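Please look through the sequence and the model below before reading on.

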Amino acid sequence: MTPPASSPAPRPSAAVVRALEGRSGPAQPPPPPPGGPRPGERTLRLLTVAVVALSAALLTGRAWLFALAAAPLVLLALALPRAYVRRIETSATVEPERCFEGDTVTLRVSVAHDGGAVRLDPGVTLGPGLRLDEVVIGPSTVTLRHTALRWGRWSLGPVDLDVYDAGGTVRRTVRVGAAEVSVFPHAARARFTPIPVRLPQRLGEHASPQAGEGVEVIGVGPWVPGERQRRIHWPSTTRRGSVQLHRFAAERAADTVMLLDAFGDVVDPVTGVSSLDETVRAAAGLARAYLRTHDRVGVVSTGGTTRWLAPGTGDAAFYRIVESVLDVRKDRRFDGPGLERVPPPALPQGALVYVFTPLSDARVLKVLRDLQGRGRRPVVVEIPSGDPQVEPGDAAGELGLRLWHADRDAMRFALRDSGVPVLRHVVGEPLDLALAPLLSGRIGGRG
């Protein structure tokens with residue numbers, strides 16, 4: 001599955017602009033709303049007109065200005081409610097709570113109150129991965145429709161709900177707690193599943209060098225009494241004068257671990273592509289390809305906090321893998337201890353390790369050295385991050401760009417020199433094009 005084509009955001013409606021009021025994606029949560037009833041906007045406008053007219057009448061001594069001041073006061077007296085709202089209860093529901101990028105998420109807020117009729121006016125605070133598209137206000141409900149723009153765990157709220165009386169003179173503000181939605185990334189297109197040299201003793205779909213009960217023929221051998229005659233090789237049987245049988249390879253399942261480099265998020269200055277986004281999408285695509293062949297897949301994310309999930313199989317394992325990496329965006333600390341070491345339980349014996357990294361942080365080399373020190377030979381899938389922009393004629397900038405290229409070339413050379421394959425994935429192309437060089441033989445083995 002590929003991410004949907006980017007389209008310009010629709011122009012927000014007046015209700016959406018009023019609901020946001022510059023509150024989208026704040027650095028800090030909004031302050032708590034004031035408690036108790038207070039004057040509404042209509043009350044403040046009428047009182048302002050009355051005070052200005054009275055001040056003008058007192059300064060100029062003209063009696064007709066007193067009549068001008070009396071009109072808004074009369075309108076305010078007629079608009080005052082007979083019964084005030086004293087009890088307000090709210091409830092919120094999110095549909096769906098889990099979705100993919102580009103899907104629509106609906107938040108419905110229901111309001112129960114005493115007293116007469118009311119008018120609702122919401123103020124919405126959004127997470128940075130969401131866009132508010134529509135606000136529908138009913139007599140006792142507020143419906144907010146969002147579009148999930150980026151993967152992650154995003155907050156739908158809090159929502160500050162202004163409850164006005166029917167005349168709009170008095171209002172009370174209640175806060176509806178923030179709801180959370182999990183947005184899954186679109187997996188990159190991948191079909192190839194390279195296999196390691198050593199496969200665990202577990203039934204699967206990959207042919208092993210050992211003889212067994214698979215379907216791939218690896219040779220011919222004489223029939224042994226008591227052996228099941230699956231398929232007779234007639235040319236050898238005729239030539240040797242004894243029954244010769246096909247020998248089949250045992251079919252085994254592979255253990256695969258996706259290691260995500262979350263030490264930083266590099267954004268391409270030209271295309272705006274996030275290296276962290278593409279890292280997760282590529283890893284999700286390869287994990288789905290292995291899970292389709294009934295292999296076990298685990299995940300490790302390094303950066304901020306080291307998170308890992310033991311290898312599992314089945315469709316449920318894919319969603320557990322994605323759930324385990326959604327909190328990566330929230331872990332923006334880079335000073336945690338032990339970030340360069342992968343937990344031993346996350347790497348089963350003989351597991352094939354894929355490292356998805358933009359090669360922008362030298363700490364990933366320590367992670368790779370740690371893997372090689374344990375006898376693993378990982379496969380590095382480089383996620384392009386784009387070149388920094390340099391102004392024309394900027395000699396210092398051009399020199400810095402050359403040094404930046406030289407540093408990355410040195411990292412690639414050091415990895416290849418130590419026997420680690422380095423594959424380059426191009427954003428927008430199938431991951432199979434990057435994995436194609438691995439299909440010429442088996443990978444892994446002890447370095």
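Two strands are said to pair if DSSP finds at least two bridges between them, and the helices (H or I, at least four residues) and strands (E, at least two) are themselves DSSP runs, numbered from the N terminus. This is a predicted model, in which local features need pLDDT of at least 70 and side-chain atom pairs count only at pLDDT 80 or more, while totals for chains, interfaces and linings use all residues. Residues are numbered from 1 along each chain as its sequence is written, and side-chain values use heavy atoms, with hydrogens and water left out.

**The six-stranded sheet**

- Six strands form an open sheet with mixed pairing, in the order E15-E14-E13-E16-E17-E18, and its edge strands, E15 (307-312) and E18 (422-424), each pair on one side only.
- Neighbouring strands of this sheet are turned by 20 degrees against each other on average, direction ignored, where axes are lines fitted to C-alpha atoms (for helices over the stretch in contact) and angles run from 0 to 180 degrees between N-to-C directions.
- Strand E17 (residues 379-382) pairs with E18 in the parallel sense over three bridges, and Val-380 stands opposite Val-422 in E18.
- Helix H8 (residues 395-417) packs on the sheet and touches E17 and E18, its direction making about 135 degrees with that of E18; contact here means heavy atoms within 4.5 Å.

**Helix H5**

- Helix H5 (residues 275-292) lies across E13 (255-261), E14 (296-302), E15 and E16 (352-357), and runs at about 175 degrees to E13.
- Because 17 of the 18 residues of H5 are buried, this helix is largely enclosed by the rest of the structure; buried means under 20% relative accessible area, exposed means over 50%, and partly exposed lies in between (1.4 Å probe, protein chains only).
- At 1.5 Å a residue, the 18 residues of H5 should span 26 Å, which agrees with the 26 Å between its end C-alpha atoms; the expected span is 1.5 Å times one less than the number of residues.
- After H5 comes His-294, whose phi is positive, near 65 degrees.

- Strand E5 (residues 118-126) is mostly covered, with eight of its nine residues buried.
- E5 and strand E8 (residues 152-165) run antiparallel and are joined by eight bridges, and Leu-120 has Val-163 in E8 as its bridge partner.
- Ser-182, found in strand E10 (residues 179-184), counts as buried because its relative accessibility is 7%.
- Leaving aside neighbours within four places in sequence, Ser-182 is in contact with several residues, among them Glu-97, Cys-99, Gly-152 and Glu-323.
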